[in-house]
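Visitor: Could you walk me through the side-chain contacts of this model, with the cut-offs behind each term?

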Amino acid sequence: MNSHIPTLLLREWMQHKRGWLIAAFAPPLLFLAMLPFGQVQGLPSEQRELVSLGMLLVSAGTVYAVSLLVALFQLPGLARRDAQDRSIEFWLSLPGRPSESVAATVLAHAWLAPLGGAVIGALFGLPIAISVVASEAGLGTAWAVHWGEVVSAALPLLARAFAGTVPLVLWLAPLVFTLMAASAWLKRLGTPLVLIGGGVAVTVLHKAYQIDWPLQALAGLNQRINHTLVNDPDSLMKALHSDVNLWTWALQDLGRTLAELASVQFVGWALVAAAGFALVVVKRGRGG
């Protein structure tokens with residue numbers, strides 16, 4: 001059976017490209033626009049290459065975070081988008097399956113759009129770093145920085161972070177599909193009911209009944225999410241201040257992140273994600 005996911009991804013692009021482009025381009029462009037009117041102080045006078053590398057990575061990370069937050073805010077409502085604008089009749093008339101439609105929506109919003117934002121942020125990172133150094137220390141100092149070294153050091157770190165977006169989406173999947181399922185079935189009450197009701201339930205179980213496993217499970221999920229883009233920040237700082245090959249470090253750090261997928265915790269959360277996905281698909285298949 002042919003997959004209709006590429007066509008459905010195109011639908012997401014046509015419908016949401018303006019928001020995605022604004023989320024990706026607005027932060028770096030606003031920063032560059034405000035820089036001439038501000039004053040940069042306190043940058044270290046030594047190791048400017050390392051400081052510039054940090055600014056490049058922060059640029060990529062900031063745009064990725066903004067794009068991902070926009071996606072996570074939108075996704076629960078997208079579970080009932082078709083029922084709201086009645087386009088569900090058209091999409092149900094196509095040979096594609098409801099599961100493809102749901103998968104394409106999450107794939108586009110939770111992975112591809114933020115990843116594209118990270119690439120744009122990384123591309124803006126170099127001019128931002130040059131502008132900041134020039135604003136603080138002068139144009140001559142900015143041109144004296146070995147920008148080739150900055151770029152060569154940034155490439156393995158960016159590759160590591162971009163690869164980490166895949167396990168990040170996998171760990172976020174149970175949260176995303178739970179909220180989408182709640183929104184699909186309970187409409188406007190779904191998301192606040194899950195967030196507030198779930199938070200109250202976990203707190204009551206922990207404090208009133210000393211039942212800690214829900215809190216521990218959520219804490220473990222949060223820890224795994226924090227390990228996706230950089231598993232061991234301390235080893236990264238040591239690598240940056242030594243002669244360690246950053247490509248080797250990136251592969252080792254990614255390996256540690258992928259190893260966390262081979263765990264009972266991941267299997268449990270994957271079952272939660274699968275249940276949420278199934279509920280959204282069933283609701284979509286019923287035309288709601």
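Guide: A salt bridge is a side-chain nitrogen of Lys or Arg within 4 Å of a carboxyl oxygen of Asp or Glu. This is a predicted model, in which local features need pLDDT of at least 70 and side-chain atom pairs count only at pLDDT 80 or more, while totals for chains, interfaces and linings use all residues. Residues are numbered from 1 along each chain as its sequence is written, and side-chain values use heavy atoms, with hydrogens and water left out.

Visitor: Which residues do salt bridges that share partners join into one network?

Guide: Helices here are DSSP runs (H or I, at least four residues), numbered from the N terminus. Salt bridges that share partners make one network of Arg160, Asp253 and Arg256.

Visitor: How far apart in sequence are the parts tied together by Arg48 and Glu136?

Guide: Arg48 forms a salt bridge with Glu136, their closest N and O atoms being 3.5 Å apart. Arg48 lies in helix α2 (residues 48-78) and Glu136 in helix α5 (residues 98-137), so the parts that the pair ties together are apart in sequence by 88 residues.

Visitor: Is Glu100 buried or exposed?

Guide: Buried means under 20% relative accessible area, exposed means over 50%, and partly exposed lies in between (1.4 Å probe, protein chains only). Glu100 forms a salt bridge with Arg97, the closest N and O atoms being 3.4 Å apart, and Arg97 counts as partly exposed at 43% relative accessibility. With a relative accessible area of 4%, Glu100 is buried.

Visitor: What angle lies between the planes of Trp171 and Phe266?

Guide: Rings of Phe, Tyr and Trp (its six-membered ring) pair if their centres lie within 6.5 Å, and planes under 30 degrees apart count as stacked, over 60 as edge-to-face and the rest as tilted. The structure holds four aromatic pairs, among them Trp13 and Trp20, a tilted pair at 6.3 Å centre to centre with 40° between the planes. Trp171 and Phe266 form an edge-to-face pair, 5.1 Å centre to centre, and the angle between their planes is 75°.

Visitor: Which helix holds Phe266?

Guide: Trp171 and Phe266 are both buried. Their pair links distant parts of the chain, 95 residues apart, with Trp171 in helix α7 (residues 147-186) and Phe266 in helix α12 (residues 264-285).

Visitor: Within what arc do the buried residues of α12 fall?

Guide: The buried residues of α12 are Phe266, Trp269, Ala273, Gly276, Val280, Val281 and Arg284, whereas Val264 and Leu271, on the other side of α12, are exposed. The arc is taken from the directions between the helix axis and the C-beta atoms. Seen down the axis of α12, the buried residues line one face of the helix, because they fall within an arc of 140°.

Visitor: Over the ring of which residue does the charged end of Lys283 sit?

Guide: A charge sits over a ring if NZ of Lys or CZ of Arg is within 6 Å of the ring centre and within 35 degrees of the ring normal. The charged end of Lys283 is 4.8 Å from the centre of the ring over which it sits, and that ring belongs to Trp185.

Notes. Helix = DSSP H or I, 4+ residues; strand = E, 2+ residues; numbered from the N terminus.
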